[in-house]
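Please read them with the structure open beside you.

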Amino acid sequence: SILTFLSAIAFWMDRSVGREGAFLDHATEVLAMHTSQEALAARLMDEAVDAVPLLALVRGAGERATVALLDSGAFDSAIDSVVRAGHRYIIARPDGPFAVDLTEVRDGIVAPIAQFAPDLAERVPVDVFQSVVILEADAIPFAVRALRWLSVVSIFLAAGVLFAAIAFVMLAEHRLVALQWVGLAVLGAGIGVVVWSVAGGPLAASRVDDPLSLVLVRDAYDVFSRSLRVEGMWLMGAGLVIAVAGFLGDRVQGARSESPAAGGK
């Protein structure tokens, strides 16, 4: 059951996080969420206000305008670049924060501010957006840092599960009873995976202090864990089928052994 649980988690992480295509799809969805856009707009306005403190007077309007721009698709190419850079950052097992160059979005962010305070908007230097911190290193779970090994680990764990199940059934005195226990073990692993898909997010978020990182971690777990939850439900179904098959087979075998014909022999 433990091996099955670990194998399922490793397989999910390798498939959903380790592969760039899947990561790009999921992370793009995360950055399209309104909560993520609001948090990112707040971070960008923080950078602008740090450079020109008087922009604090129009901060609210600037954040709303930035969210509207993010939602409009105007920054889609920049977001794709950020996501790909984020994937490379995760694979590289970083120690420092994930910072990206958002110089190309500077004009789009400053333009709506210029509607309220044109003089102040012109004073925002380009280099303000050259290194914007998107994610702190402590927001990356420890297991994610081992992504480069997960494809191998998931295969070895799955092979271990299969070998242990076959050996347990073949060496058992009552194989159908052993098959029931194998099914219950897989069912238990599936329940554990589903529980982890729900509880893992709050546990990961509890380690994060940075406001933007906290929002991104919560939203990312909501998006990425959907496939993990489905995987857990499939495990539960498979375990239930195996256990029921073993139970029914044992009952049929017991009925045959107790039949009058069997007794006569």
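1. The side chains of R59 and D46 meet in a salt bridge, with N and O 2.4 Å apart, in what is, please bear in mind, a predicted model. This pair links distant parts of the chain, since R59 belongs to helix α4 and D46 to helix α3, 13 residues apart. R59 has a relative accessible area of 23% and is therefore partly exposed, and D46, with 29%, is likewise partly exposed.

2. Because D210 lies in the loop between α9 (175-205) and α10 (211-257) while R43 lies in helix α3 (residues 34-51), the pair ties together parts that are 167 residues apart in sequence. Both D210 and R43 are buried.

3. E20 and R84 also form a salt bridge, their closest N and O atoms being 2.8 Å apart. E20 is in helix α2 (residues 20-32) and R84 in helix α5 (residues 76-91), so this pair ties together parts that are 64 residues apart in sequence. E20 counts as partly exposed at 35% relative accessibility, as does R84 at 34%.

4. Helix α4 (residues 59-72) also packs against helix α6 (residues 106-116), at an angle of about 140° and with the axes 9 Å apart, and the two are therefore oblique to each other. Their crossing is right-handed. In this contact A61, G62, A65, T66 and L69 of α4 meet G108, I109, P112, I113 and F116 of α6, a set that divides into 7 nonpolar, 3 polar and no charged residues.

Technical notes:
Residues numbered from 1 in each chain as written. Predicted model: local features only at pLDDT ≥ 70, side-chain atom pairs only at ≥ 80, totals over all residues. Heavy atoms only, no water. Axes fitted to C-alpha atoms, helices over the stretch in contact; angles between N-to-C directions. Helix = DSSP H or I, 4+ residues; strand = E, 2+ residues; numbered from the N terminus. Parallel < 35°, antiparallel > 145°, perpendicular 65-115°, else oblique. Left-handed = near helix turned anticlockwise from the far one by under 90°. Contact = heavy atoms within 4.5 Å. Nonpolar A, V, L, I, M, F, W, Y, C, P; charged D, E, K, R; others polar. Salt bridge = Lys/Arg side-chain N within 4 Å of Asp/Glu carboxyl O. Buried < 20%, exposed > 50% of the residue type's maximum accessible area, 1.4 Å probe, protein only.
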